[in-house]
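Let's take a walk through the pockets of this one. Have the structure open and keep an eye on what lines each space.

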Amino acid sequence: MCTLTPSPAVSSSHVLAEQVLSELDGHGVRGEAIRLVDLDVKPGVQADMGSGDAWPEVRRRVLGADILLLATPIWLGHPSSVAQRALERLDAELSETDENGKPLTYGKVATVAIVGNEDGAHKVSADLFQALNDCGFTIPAGGATYWVGEAMGSTDYKDLDGAPDSVASTTKTLASNAVHLANLLRDAPYPA
């Protein structure tokens, strides 16, 4: 999760990510939210940037999962700087391959959850989807859920009484399609 808000403070990105995880749990998929802002993830494009780098443990969890959810706020019309750091670190996967020469991320599904108080959810999802696909992930149909409040407004997603119906519906679709695609890719992997 790529919120800019350190734990234990409540984060809108975390709230939406937990809602996605809850929908995935309804399909028998267990997951966890990892707040990258709480970790010392070093800048760089290698799988391990040396002493003190927290990314190798995050990477182990990502590679152990069938579905990746990247949750981010919109800042100045873009994903958070934490999301950019995660993408830069995932770039290392382009040179990490299995015994057949396929990147280790092939066969893994990526989804996104976006929150913000400005327009831009489609642009942010497009940017993230292209980067995640470049890194070897497969994107399901309906693979994004988002909430964008009033432009220049003061209401955050975390302040709502619950997910609006439209967000709940897209979150449910994201989970269903991600699980469906992950199962298909597990049963019929990409060729070498």
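β1 gives the most to the lining of the second largest pocket, with 3 residues. Here helices (H or I, at least four residues) and strands (E, at least two) are DSSP runs, numbered from the N terminus. Bear in mind that this is a predicted model, where local features need pLDDT of at least 70, side-chain atom pairs count only at pLDDT 80 or more, and totals for chains, interfaces and linings use all residues. Residues are numbered from 1 along each chain as its sequence is written, and side-chain values use heavy atoms, with hydrogens and water left out.

A pocket, on a 1 Å grid over the protein atoms alone, is an open set of points where a 1.4 Å probe fits, with protein on both sides within 12 Å along at least five of seven lines; lining residues have an atom within 4 Å of a point. α1, β1 and β3 (109–116) each put in two or more. By class, you get 8 nonpolar, 7 polar and 3 charged residues (Ala, Val, Leu, Ile, Met, Phe, Trp, Tyr, Cys and Pro are nonpolar, Asp, Glu, Lys and Arg charged, the others, Gly among them, polar).

Now for the largest pocket, at about 630 Å³. β1 is again the top contributor to the lining, with 5 residues. At least two each come from α1 (12–25), α2 (55–64), β1 (67–75), α3 (81–90) and α5 (165–187). Of the 30 lining residues, Glu-32, Ala-65, Ile-67, Leu-68 and Leu-69 lie nearest the centre of the largest pocket. Its lining splits into 22 nonpolar, 3 polar and 5 charged residues.

Note on methods
Points joined across faces, edges and corners; volume = space filled by probe spheres on them.
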